[in-house]
Amino acid sequence: MPFFWKKKSDVSAGSVEFMIVGLGNPGKQYENTRHNAGFMALDAIAEKHHGEVKRIKYKGLTGECRIAGKRVLLLKPSTFMNLSGQSVQEATKFYKLPPERVLILFDDINLEPGKLRIRRKGSDGGHNGMKNIIYLTGSDQFPRVKIGVGQKPHPDYNLADWVLSKFTAKDLEALHPALENAAAAAELIIKGELDRAMNLYN
């Protein structure tokens, strides 16, 4: 009888229906850098929905929570940004998730800190993490939330140095409400209200 009840409980929990991926680089030295805005947004979602992202799986750190009644996998690839696709491909393949049910959160240097841009699908836009995801999965149909991290101070500034630089106190102040908005947008997207998310937060 105990075995029967355990089995019933497992079935009612269901399988993962949606995945949210935050892009960034693992390690203390990369915390609060511009390239880790995706990690920061995922942390905001995990905190809001009581999910701990600490289990090592699919070449990343994972956690689970329920959002809008759906079982959601939260994923932070540990492969470093340029190989993010390895982790995303492994997890989507395991759960048989179509790209339309995999939301990607990542930084955008063309937006000021605090600004969001939500898209239903599209090209990598020059972002190496997205480039690798699209290349390895063979699809660009992933919904995405781009998080503004600010433009380079001048054209000659090295791009890698810029995205790996820490946010200033002023930038972080602008970023925090954007992370909350990204969490709210993710909830709408999971509910199937992507257009509403775009109207509210773009």
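Reader: How does the lining of the second largest pocket divide by class?
Author: The lining of the second largest pocket has six nonpolar, five polar and four charged residues. Ala, Val, Leu, Ile, Met, Phe, Trp, Tyr, Cys and Pro count as nonpolar, Asp, Glu, Lys and Arg as charged, and the others, Gly among them, as polar. This is a predicted model, in which local features need pLDDT of at least 70 and side-chain atom pairs count only at pLDDT 80 or more, while totals for chains, interfaces and linings use all residues. Residues are numbered from 1 along each chain as its sequence is written, and side-chain values use heavy atoms, with hydrogens and water left out.

Reader: What is the volume of the second largest pocket, and which residues lie nearest its centre?
Author: Rolling a probe the size of a water molecule over the atoms shows where empty space is left. A pocket is an open set of points, on a 1 Å grid over the protein atoms alone, where a 1.4 Å probe fits and protein lies on both sides within 12 Å along at least five of seven lines; lining residues have an atom within 4 Å of a point. Points are joined across faces, edges and corners, and the volume is the space filled by probe spheres set on them. Here the volume is about 280 Å³. The pocket has 15 lining residues, and Gly 27, Glu 31, Asn 36, Phe 39 and Lys 76 lie nearest its centre. Two or more lining residues come from each of α2 (37–48) and β4 (70–77). With three residues, α2 gives the most. Such elements are DSSP runs numbered from the N terminus: helices (H or I, at least four residues) and strands (E, at least two).

Reader: Which residues are the closest to the centre of the largest pocket?
Author: The largest pocket has a volume of about 400 Å³. Of its 23 lining residues, His 35, Asp 107, Gly 126, His 127 and Asn 128 are the closest to the centre. At least two lining residues come from each of β5 (102–108) and α5 (159–163). The lining comprises nine nonpolar, nine polar and five charged residues.

Reader: At what angle do α2 and α6 pack?
Author: Two packed helices are described by the angle between their axes and the distance between the axes. Axes are lines fitted to C-alpha atoms, for helices over the stretch in contact, and angles run from 0 to 180 degrees between N-to-C directions. For α2 and α6 the angle is about 60° and the axes are 9 Å apart. That makes α2 oblique to α6 (under 35 degrees is roughly parallel, over 145 roughly antiparallel, 65 to 115 roughly perpendicular, the rest oblique).

Reader: How do the axes of α6 and α7 cross?
Author: Helix α6 (residues 169–190) and helix α7 (residues 194–201) have axes that come within 7 Å and cross at roughly 155°. The two helices are therefore roughly antiparallel to each other. Their contact includes Leu 188 of α6 and Tyr 201 of α7. It has eight nonpolar residues, one polar and one charged.

Reader: What is the angle between α3 and α4?
Author: Helix α3 (residues 84–95) and helix α4 (residues 128–137) pack at about 45°, with axes 7 Å apart. That makes α3 oblique to α4. Ser 84 and Val 88 of α3 take part in the contact, as do Asn 132 and Leu 136 of α4. By class, this contact has three nonpolar, seven polar and no charged residues.

Definitions and conventions
Contact means heavy atoms within 4.5 Å.
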